[in-house]
Amino acid sequence: MQIAADAIWLATAAVDMRTGIDGLSLHVQQALGRPPCDGTAYVFANRRRTRLKLVCWDGTGVWMCLRRLHRGQFVWPQPGDSCWQMSAEQWQWLVAGVDWQRLSAPAPAQWRL
C-alpha cells in the first residue's frame with residue numbers, strides 16, 4: 001500500500017519510538033505548530049536515527065508506519081529547524097538509507113577542473 005500525502009515533513013527532534021499515534025499527533029500540534037490531520041505525512045526518528053515513524057491522516061483514519069535499519073543510520077537534518085519539508089524523491093532516498101541531502105547539492109562555486 002502506498003500512502004498518498006500532500007507533503008512530507010520531517011520532525012528534526014528525536015522522539016521516543018514507543019510513542020503512538022495520539023502522542024505523535026500531539027507532538028505535531030504542540031512542537032511543530034501544525035494541524036496533524038491536514039493530509040501531510042509527518043516523519044519522526046529516534047535519537048540514534050535507526051528507526052523512523054510516519055503518521056499521516058488519509059481522510060478516514062490515521063496511518064502509522066515504522067521503518068528500521070539493521071545497519072547504518074538514516075540521514076537526518078540538523079535540529080536547527082523544528083521541521084523540514086522534503087520531496088517525494090528525497091523521501092524514497094531517505095527510506096532506502098541513502099544520503100538524500102547530497103543528491104541535489106550544488107557544486108561549490110570555487111570548484112575548478
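Colleague: Why is Arg-34 called partly exposed?

Modeller: Arg-34 has a relative accessible area of 23%, and since buried means under 20%, exposed over 50% and partly exposed in between (1.4 Å probe, protein chains only), Arg-34 is therefore partly exposed. This is a predicted model, in which local features need pLDDT of at least 70 and side-chain atom pairs count only at pLDDT 80 or more, while totals for chains, interfaces and linings use all residues. Residues are numbered from 1 along each chain as its sequence is written, and side-chain values use heavy atoms, with hydrogens and water left out.

Colleague: What makes the pairing of Asp-38 and Arg-34 a salt bridge?

Modeller: A salt bridge requires a side-chain nitrogen of Lys or Arg within 4 Å of a carboxyl oxygen of Asp or Glu, and the N to O distance between Arg-34 and Asp-38 is 3.7 Å, so the pair qualifies. Asp-38, with a relative accessible area of 28%, is partly exposed.

Colleague: What does Trp-91 touch?

Modeller: Taking contact as heavy atoms within 4.5 Å, and not counting residues up to four places away in sequence, Trp-91 touches Ile-8, Val-43, Leu-54 and Met-86.
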